[in-house]
Amino acid sequence: MEKQKILVIEDEKPIAEILKYGFEKEGFEVFCAFTGARGLQAAQEKAPDLVLLDWMLPDISGVDVCRLLTEQRNIPILMLTARDNVEDKLYGLESGADDYVTKPFDLREVVARVHTILRRFERAQQAGGAAAGMEKTPDDLRNVPLVVSKEEHSVYRNGCPVGLTPREFDLLAYFVKHPRQVFTRTALLDQIWGYDYLGDTRTVDIHIQRLRKKADLSEQLVTVFGVGYKYVP
Ligand code: CA
């Protein structure tokens with residue numbers, strides 16, 4: 001079987017080397033780029049399965065690299081950030097990254113995150129492939145305000161397909177399965193991101209905002225002040 005490829009875009013060479021060593025040991029093929037420009041070039045040449053992207057690069061900001069990468073094609077990105085500022089991390093997620101880790105990091109944690117992201121991505125790709133094979137939205141979906149299809153891993157809002165990330169999909173599917181039930185941010189993190197997820201609860205807020213916007217669910221995904229969120233069909 002062909003090895004999965006990881007592209008590391010990181011200007012601090014010792015960190016890039018630790019990652020290269022760690023992921024090669026895990027059976028991945030690893031390429032390193034030390035600037036944003038070289039990283040974008042390598043992404044085209046090597047067609048990696050996932051990118052580990054540093055936030056602070058000498059030439060282009062990690063956020064811009066992230067945006068340019070995801071414009072090229074649908075590729076999972078794990079951001080590496082030395083910044084402790086939550087706003088920056090959330091900005092990273094908004095610009096298309098799937099997840100982030102804070103430096104200094106534990107190599108095992110980065111490896112675990114990468115495996116999780118790749119698994120989710122593969123699942124979404126398979127489902128997306130199936131959905132893409134459909135000629136058009138089935139007639140019977142047109143009059144249903146919201147369809148969340150686990151089988152197809154796809155969402156239709158008023159008959160139109162809505163493009164969601166795997167995490168957004170899981171979150172919405174969870175709400176739809178439990179209508180009118182209030183969930184705290186922590187409960188949602190545990191349920192959707194998993195108990196080992198080390199991110200903070202603001203991540204949930206960002207995903208809710210994106211769901212409201214993408215799927216036009218501002219009135220359905222309700223904030224319960226001081227508690228969390230609920231879905232009202
Ligand atoms: Ca850096």
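Reader: Which residues touch the most other members of the largest nonpolar core?

Author: L171, F175 and L188 do, in a core of 24 residues. A nonpolar core is a set of buried Ala, Val, Leu, Ile, Met, Phe, Trp, Tyr and Cys residues joined through side-chain atoms within 4.5 Å. The model is predicted: local features need pLDDT of at least 70, side-chain atom pairs count only at pLDDT 80 or more, and totals for chains, interfaces and linings use all residues. Residues are numbered from 1 along each chain as its sequence is written, and side-chain values use heavy atoms, with hydrogens and water left out.

Reader: What does L171 touch, not counting residues up to four places away in sequence?

Author: L171 touches L188, I192, W193, H207, I208 and L211, where contact means heavy atoms within 4.5 Å.

Reader: Why is R113 called buried?

Author: Buried means under 20% relative accessible area, exposed over 50%, and partly exposed in between (1.4 Å probe, protein chains only). R113 has a relative accessible area of 9%, so R113 is buried. R113 lies in helix α5 (residues 107-132); helices (H or I, at least four residues) and strands (E, at least two) are DSSP runs, numbered from the N terminus.

Reader: What makes the approach of R113 to Y100 a polar contact?

Author: A polar contact is a pair of N or O atoms within 3.5 Å; within protein, one must be able to donate a hydrogen and the other to accept it, and residues adjacent in sequence count only if both atoms are side-chain atoms. The backbone oxygen of Y100 lies 2.6 Å from a polar atom of the R113 side chain.

Reader: How do you know that β9 and β11 pair?

Author: Two strands pair if DSSP finds at least two bridges between them. Here 2 bridges join β9 to β11, which run antiparallel. F183 stands opposite Y229 in β11. The open sheet has 3 strands in the order β9-β11-β10.

Reader: What makes D11, D54 and M56 donors of the calcium ion?

Author: Donors are N, O and S atoms within 2.8 Å of the metal (3.2 Å for Na, K and Ca); water is not among the atoms, so sites may look incomplete. D11 (OD), D54 (OD) and M56 (O) coordinate the calcium ion at 2.1 to 2.3 Å.

Reader: Why are D11 and M56 called partly exposed?

Author: The relative accessible area of D11 is 30%, so D11 is partly exposed. M56 has 45% relative accessibility and therefore counts as partly exposed.
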